[in-house]
Amino acid sequence: MRGSFAHYEMLSQIGAGGMGEVFLARDTRLDRKVAIKFLTSEFASQTDRLGRFIQEAKAASALNHPNIITVYEIGETDGTHFIAAEFVDGKTLRDRTAAGKMSFDEVLSICIQSAEALAAAHQAGIVHRDIKPENIMIRNDGYVKVLDFGLAKFSQAAEPVNGSNVHNDETIRLVKTNPGVVMGTASYMSPEQARGKDIDARSDVFSFGTVMYEILGGRLPFAGETTMDVIAAVMNADPIRLERLAPHLPAELHRIVHRTLQKKPDDRYQLTRDLLNDLKFLRDRMLLEAKLDRTASPGHRETIEGRIATNSGGVKDALLLTEFENSTGEGIFDQTLKTALAFSLAQSPFLDIISDVKVSQTLKLMGRSPVERVTKELGEEICLRLNLKAFLTAAISNFGSIYVITLEAINARTGESLGREFEQVNSREEILNALGKSATGMREKLGESLSSIERFNRPLDHTTTSLEALKLFSLARGQQFKGKQLEAVPFFTKALEIDPHFAQAYVSLAATYGNTNQWKLASDMMLKAYELRDAVSENEKLRITYFYFLY
């Protein structure tokens with residue numbers, strides 16, 4: 001064991017590998033634990049090894065991200081090169097999976113945090129080249145740290161002190177100094193890495209996909225008796241479909257993993273950020289399901305893992321909107337605010353707003369008038385009939401010139417409130433903006449993450465800035481709903497006179513013209529909507545694009 005040196009006090013040896021020894025030490029200046037990696041004299045004398053050691057350490061130290069190990073210092077003392085880095089008190093992903101079954105929540109959290117680290121590294125132009133369970137650490141508090149950007153594994157569960165590596169029969173550790181030379185861990189290599197070709201961030205995507213496949217499916221996607229057998233499988237063999245190994249997992253997760261494991265780099269995720277976003281959206285959808293799936297049993301909380309067995313199709317959660325309770329006496333709010341609320345909530349990738357047509361059909365089956373006003377009580381009955389999880393009530397009231405908007409989401413099975421939102425404004429002109437804020441707050445209360453809301457959230461004034469135009473739009477939709485296509489045209493036309501940037505009005509008018517075989521007019525309206533597509537929400541943009549190419 002080494003003695004103290006410089007301002008570090010050696011505490012214990014925690015690992016050793018091919019390039020050097022790793023020690024747990026105390027930084028006497030800052031009074032904190034650190035991991036010290038000493039480069040062996042053999043490698044220190046090799047210019048290329050020493051250069052890579054220093055270059056990659058510098059690259060890692062430049063990555064300022066909470067899920068990437070922090071490098072504190074690179075130095076040389078008495079001819080010995082060392083790196084001082086953050087000490088991670090926890091287990092490698094390899095050891096964590098060996099310790100016992102992990103919940104789906106934990107696995108998904110590890111995947112997301114690891115993808116966060118890779119996305120940050122790739123954005124900085126750094127490719128890890130050796131992503132595997134041994135290089136992903138899980139702290140005791142569940143926080144993930146990605147290690148070994150050219151460094152040792154800084155953990156209590158590091159490589160054995162005797163320098164042996166239990167996975168040596170699966171690894172190739174050759175420094176890539178020339179094209180055609182392979183560097184990495186065979187079971188986790190990408191096909192292009194195994195061939196010794198130039199690699200980019202998409203190679204890490206493949207390696208990370210291999211890690212996800214292994215911890216989700218319980219086995220490696222590519223295996224063999226020898227290292228060369230493994231490499232041959234990586235380059236040529238297709239893995240067993242994850243659906244066969246883990247059919248209880250969400251279909252969306254199967255899709256994500258298999259996309260990462262495509263042989264051709266162009267067929268994988270091109271940006272790690274896109275992979276990360278898909279994982280986050282999956283998590284957000286499941287959190288929303290958890291919010292809506294609460295049952296009547298007091299204190300009962302269903303786990304995500306339990307829900308997966310019964311909901312693996314990736315279907316959106318349906319939400320019923322009841323009528324806006326308007327106690328202001330101002331008719332302009334009737335139907336108008338419900339239409340605006342539907343526009344705002346429909347931006348969520350996790351919510352599906354039940355259409356008026358579906359509600360009307362359900363009312364008929366219930367022996368009621370198809371145009372009956374959907375109150376809170378009737379909304380609960382419709383939800384039970386359609387097996388919906390929740391409905392949303394809304395109200396607007398006023399005190400002089402002050403308007404108050406109230407939204408509440410209600411569990412249709414229990415009557416329990418899932419969340420409330422209140423907004424107060426001082427004029428009618430501020431109402432649409434306030435309603436949009438309320439809808440955004442409700443999405444968050446239902447479990448959607450802030451990152452998803454930020455990505456899919458345009459203010460209602462991007463739809464229209466005019467209550468009057470929205471009122472006319474609602475009246476036109478009402479005519480369409482009754483099958484009176486031609487009667488809807490004057491309302492849409494007047495709405496567009498008031499707000500010529502109302503893209504959805506152009507779309508609906510185009511649909512009306514299409515339904516009445518006026519295809520030239522339909523095409524003209526869709527062209528105008530298409531020209532406005534970049535100013536609207538993502539949901540509206542997709543609808544506009546669909547109808548544009550249809551017409």
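Ser4 is in contact (heavy atoms within 4.5 Å) with Glu9 and Met10, once its neighbours within four places in sequence are left aside. This description rests on a predicted model, in which local features need pLDDT of at least 70, side-chain atom pairs count only at pLDDT 80 or more, and totals for chains, interfaces and linings use all residues. Residues are numbered from 1 along each chain as its sequence is written, and side-chain values use heavy atoms, with hydrogens and water left out.

Ser4 sits in the segment before strand 1 (8–17); helices (H or I, at least four residues) and strands (E, at least two) are DSSP runs, numbered from the N terminus. With 55% relative accessibility, Ser4 counts as exposed, a label that applies over 50% relative accessible area, whereas buried means under 20% and partly exposed covers the range in between (1.4 Å probe, protein chains only). Arg26 is 22 residues from Ser4 in sequence, and their C-alpha atoms are 9.4 Å apart.

Turning to the chain as a whole, its secondary structure comprises 21 helices and 15 strands. Of its 551 residues, 52% are buried. Among contacts between residues at least 6 apart in sequence, 60% link residues at least 24 apart. The accessible surface is about 24,700 Å², and carbon and sulfur atoms account for 49% of this area, as given by the Shrake-Rupley method with a 1.4 Å probe, where for residues only the protein chains shown count as cover.

In soluble globular proteins, nonpolar side chains tend to be buried together. A nonpolar core is here a set of buried Ala, Val, Leu, Ile, Met, Phe, Trp, Tyr and Cys residues joined through side-chain atoms within 4.5 Å. The largest such core holds 57 residues, and Phe324 and Leu341 touch the most other members. Helix 19 (residues 503–515) gives this core its largest share, 7 residues. A second, separate core has 54 residues, including Ile112, Ile126, Phe149 and Tyr213. Beyond its neighbours within four places in sequence, Phe324 has contacts that include Leu337, Leu341, Arg373, Ile396 and Leu435.

The largest pocket contains about 1,500 Å³ of space. On a 1 Å grid over the protein atoms alone, a pocket is an open set of points where a 1.4 Å probe fits, with protein on both sides within 12 Å along at least five of seven lines, and lining residues have an atom within 4 Å of a point. Grid points are joined across faces, edges and corners, and the volume is the space filled by probe spheres set on the points. Among the 45 lining residues, Thr339, Ser355, Asp356, Val357 and Arg477 lie nearest the centre. Helix 17 supplies the largest share of the lining, 9 residues. Other elements that each supply at least two residues include strand 11 (317–326), helix 12 (336–345) and helix 21 (538–550). The lining divides into 20 nonpolar, 12 polar and 13 charged residues, where Ala, Val, Leu, Ile, Met, Phe, Trp, Tyr, Cys and Pro count as nonpolar, Asp, Glu, Lys and Arg as charged, and the others, Gly among them, as polar.

Two further sites complete the picture. Arg455, in helix 16 (residues 450–455), is partly exposed at a relative accessible area of 47%. Not counting residues up to four places away in sequence, Arg455 touches Asn277 and Phe281. Gly400 occupies the loop between strand 13 (390–399) and strand 14 (402–411) and is exposed, with a relative accessible area of 60%.
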